[in-house]
Amino acid sequence: SNTQGQESFGMPLKLVPCTEAMAEDMIRIYLDAFASNPATSTMLPNKNQDTVKFLVEEERKSIAKMTENDHFFVVIDTDLPSTLPEVPEGEIIGHCRWIFEEPHRQMKSPPGPDIPGANIEFCRTFLSLVDQPRQSQMEGKIYWHLAYVSTSPKHQGKGVGSLCIRFGLEKADEMNLPAYLYSTPSAKTLYEGFGFRVVSSVDFDMRPFGIDETYTTYSMIRPPRKSSN
């Protein structure tokens, strides 16, 4: 069930379904986690308080609209003091979003609203290009989709990513379904360790946007493994 906190063995981490009250912490962690990512910094070149406020509001709306197919979690470190009254167990140090994708609800995601301080042209071009492989490879299929994992940079190496990844893979294996994600170059090795394999990649030329590099994203699929129980 989506209301169950998952404990991480031997670690003080706990996976807890997120609520609207957590949106601000979630966005702060997301922005910190991807601050040095060239795509994110090109997407949000003039990040300011309005950007953050807007993103928090969008995150709240997205949490409010969750269905039973949406599994949004925060990762709490129970060894750390709580920073939010709504999360008495500890501090939020990461979050993730798994989606149980079924053909009838797989609509092409509409272009998002214009974010204050964003490079709108880059956002639209990049986001639609990155999602194209999923649209073509997974169309009509039932699968578990890891939309993102964010870990606070101060808390890297504690196992946040692994705890998040394992949740969806256990679900996928129970249902004998594949899991899908797209990865940044820096996370690819982590996902490969969980059995994901690259099925295609997109090379995005950043030069029109003033950055002299090609940024690669990887579409990765992990076939189901026989559940041991």
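Which residues does R134 touch, not counting residues up to four places away in sequence? R134 touches E101, E139, Y143, H145 and Y180, where contact means heavy atoms within 4.5 Å. This is a predicted model, in which local features need pLDDT of at least 70 and side-chain atom pairs count only at pLDDT 80 or more, while totals for chains, interfaces and linings use all residues. Residues are numbered from 1 along each chain as its sequence is written, and side-chain values use heavy atoms, with hydrogens and water left out.

R134 lies in helix α4, residues 120-138; helices (H or I, at least four residues) and strands (E, at least two) are DSSP runs, numbered from the N terminus. The relative accessibility of R134 is 11%, so R134 counts as buried, given that buried means under 20% relative accessible area, exposed over 50% and partly exposed in between, with a 1.4 Å probe and protein chains only. The side chain of R134 also makes a polar contact of 2.8 Å with the side chain of Y143. A polar contact here is a pair of N or O atoms within 3.5 Å; within protein, one must be able to donate a hydrogen and the other to accept it, and residues adjacent in sequence count only if both atoms are side-chain atoms.

**The pair α1 and α3**

Helix α1 (residues 23-33) packs against helix α3 (residues 49-64) at an angle of about 120°, and their axes are 9 Å apart. Axes are lines fitted to C-alpha atoms, for helices over the stretch in contact, and angles run from 0 to 180 degrees between N-to-C directions. The two helices are therefore oblique to each other, since angles under 35 degrees count as roughly parallel, over 145 as roughly antiparallel, 65 to 115 as roughly perpendicular and the rest as oblique. From α1 the contact involves A23, E24, M26, I27 and L31, and from α3 it involves V52, L55, V56, E59, R60 and I63. These contact residues divide into 8 nonpolar, no polar and 3 charged, where Ala, Val, Leu, Ile, Met, Phe, Trp, Tyr, Cys and Pro count as nonpolar, Asp, Glu, Lys and Arg as charged, and the others, Gly among them, as polar.

Within α1, the residues A23, D25, M26, I27, I29 and L31 are buried. The buried residues of α1 pack against α3 and also against the strands β3 (70-77), β4 (91-101) and β5 (143-151).

**Residues in loops**

| Residue | Relative accessible area | Class |
|---|---|---|
| F196 | 0% | buried |
| N176 | 44% | partly exposed |
| N48 | 36% | partly exposed |
| L80 | 23% | partly exposed |

F196 is placed in the loop between α6 (188-192) and β7 (197-205). Leaving aside neighbours within four places in sequence, F196 is in contact with I165, L169, A179, Y180, L181, Y191, M220, I221 and R222.

N176 sits in the loop between α5 (160-174) and β6 (179-183), and its phi is near 55°, a positive value in a residue other than glycine. Most residues other than glycine have a negative phi.

N48 belongs to the loop between α2 (38-43) and α3, and a polar atom of its side chain lies 2.9 Å from the backbone nitrogen of D50.

L80 is found in the loop between β3 and β4, where it touches E89, G90, E91, I93, H155 and K158, not counting residues up to four places away in sequence.
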